[in-house]
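Try each task before you read its solution.

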Amino acid sequence: MTPQNLMLLPLSTPKLSIGCPILDHCLGGGIPCNSITELVGESGSGKTQLCLQLTVRAQLPPSHGGLGGSSVYIFTEFSFPFRRLQQLGNLYHASYPNLIRLEPLEDICVHGVHDAQELIHVLGDIEAFIAIDHTRLPVKLIVIDSIAALFRSQYQTTPADLKR
């Protein structure tokens with residue numbers, strides 16, 4: 001997918017519901033597909049929690065606000081909150097027993113990266129990774145949590161270093 005290809009896509013695009021009607025309304029129906037959405041906020045404000053929730057919600061069919069797809073979750077801050085993701089998976093399975101499979105984490109590929117160069121490498125290979133069926137459902141959501149953390153730890157925070 002290139003920026004030029006994105007311009008050819010229809011203006012109305014499917015959306016992934018956040019699961020909160022008020023936030024979905026503010027976002028015009030949810031997080032838009034075929035785009036990049038950046039979540040920003042103070043440390044501890046719930047950005048990772050929302051991303052974890054979206055990876056499970058993506059498995060729901062579009063009729064229930066999902067995408068009918070799997071997710072790739074790339075994390076940069078160790079350690080990954082596997083326990084919280086398992087809790088969310090169990091909660092969604094209990095809430096949607098006929099829509100979410102017994103092991104919802106099987107449709108979420110989790111990959112850790114340690115530095116910016118590794119992230120760039122992983123992103124370069126992501127299209128080939130998605131083409132191979134790693135999960136039961138096609139990949140519909142890619143989460144990177146957090147790009148800023150890589151650059152904060154790897155570079156000084158001077159404007160020149162951040163620009164580089």
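**Exercise 1. Find where Y96 sits, and decide whether Y96 is buried, partly exposed or exposed.**

Start with the chain: Y96 lies in the loop between α4 and β4 (helices are DSSP runs of H or I, at least four residues, and strands are runs of E, at least two, numbered from the N terminus). Residues are numbered from 1 along each chain as its sequence is written. This is a predicted model, where local features need pLDDT of at least 70 and side-chain atom pairs count only at pLDDT 80 or more, while totals for chains, interfaces and linings use all residues; side-chain values use heavy atoms, leaving out hydrogens and water.

Next, take the relative accessibility of Y96, 22%, so Y96 is partly exposed (buried is under 20% relative accessible area, exposed over 50%, partly exposed in between, with a 1.4 Å probe and protein chains only).

**Exercise 2. Which residues does Y96 touch, leaving aside neighbours within four places in sequence?**

Look for contacts (heavy atoms within 4.5 Å): you'll find R57, L60 and H64. Now check H64: 32 residues separate it from Y96 in sequence, yet their C-alpha atoms are 9.7 Å apart.

**Exercise 3. Work out which residues of α4 are buried and how they are arranged.**

First, list the buried ones: L85, L88, G89, Y92 and H93. Seen down the axis of α4, they fall within an arc of 135° (taken from the directions from the helix axis to the C-beta atoms), so they line one face. Then turn to the other side, where R83 and A94 are exposed. Finally, see what covers the buried residues: α3 (47-57) and β4 (108-112) are included.
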